[in-house]
Amino acid sequence: YYYALGDREIVAHFRALLRAASDAPLFAYTFPARTGNQLSAEAFRTLVEDGLAGLKDSTSDDELHAAYLSAAPGAQIFVGSPSHLLHSLRHGSRGGVAALANLRPELILALAEAWRDGRDEEAERLQEEVRAAERALAEESPLVALKRGVSEVMAEHGSRYPSALRSPLGA
């Protein structure tokens with residue numbers, strides 16, 4: 001996690017995970033802005049040939065996303081950034097796994113539905129609305145804003161959800 005790795009090391013890591021996972025579907029997650037590691041399209045193809053089920057792509061790079069789709073057409077590929085959802089759907093991805101969907105699920109679903117139903121103008125409008133929602137979150141720390149927003153939505157539905165960030169290993 002703390003070291004920038006090349007394709008050889010990344011492929012070796014995922015091959016070990018594939019062996020350990022046995023028949024369970026395994027997905028890779030590429031988020032170079034957080035990990036410092038970039039999964040190449042060639043390494044992804046190799047891993048799919050070895051049994052990897054798919055990928056969550058949080059590179060925010062439309063060209064690289066298209067390269068993943070071309071490298072392994074049978075793999076299940078999802079985009080992590082909702083600002084790239086429409087582009088990724090148009091190029092063959094399965095969908096998105098977006099933190100924004102925790103706060104605005106109706107918006108993400110409407111965008112996917114408009115695209116699926118061929119309502120291109122509406123899909124474009126909704127994609128811009130998604131981008132605006134992401135920009136609003138980015139005005140402060142996106143995670144802080146997201147947690148607070150989800151907490152407020154949950155409270156409206158009578159549930160409690162902590163708004164404070166916590167360490168991934170914290171209680």
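Which residues in α3 meet which residues in α4? A41, F44 and R45 in α3 meet L64, A67, Y68 and A71 in α4, where contact means heavy atoms within 4.5 Å. Please keep in mind that this is a predicted model, in which local features need pLDDT of at least 70, side-chain atom pairs count only at pLDDT 80 or more, and totals for chains, interfaces and linings use all residues. Residues are numbered from 1 along each chain as its sequence is written, and side-chain values use heavy atoms, with hydrogens and water left out.

- By class, the contact of α3 with α4 has six nonpolar, no polar and one charged residues; Ala, Val, Leu, Ile, Met, Phe, Trp, Tyr, Cys and Pro count as nonpolar, Asp, Glu, Lys and Arg as charged, and the others, Gly among them, as polar.
- Helix α3 spans residues 41-49 and helix α4 residues 62-71; helices (H or I, at least four residues) and strands (E, at least two) are DSSP runs, numbered from the N terminus.
- Their axes come within 9 Å and cross at roughly 30°, with axes fitted to C-alpha atoms, for helices over the stretch in contact, and angles running from 0 to 180 degrees between N-to-C directions.
- That makes α3 roughly parallel to α4 (angles under 35 degrees).

**The sheet**

- Four strands form an open sheet in the order β1-β2-β3-β4, with parallel pairing; two strands pair if DSSP finds at least two bridges between them.
- The edge strands, β1 (27-30) and β4 (95-96), each pair on one side only.
- Two bridges join β3 (residues 76-79) to β4, and V79 has G96 in β4 as its bridge partner.
- Helix α4 also packs on the sheet, touching β1, β2 (54-57) and β3, and its direction makes about 170° with that of β3.

Terms used. Parallel < 35°, antiparallel > 145°, perpendicular 65-115°, else oblique.
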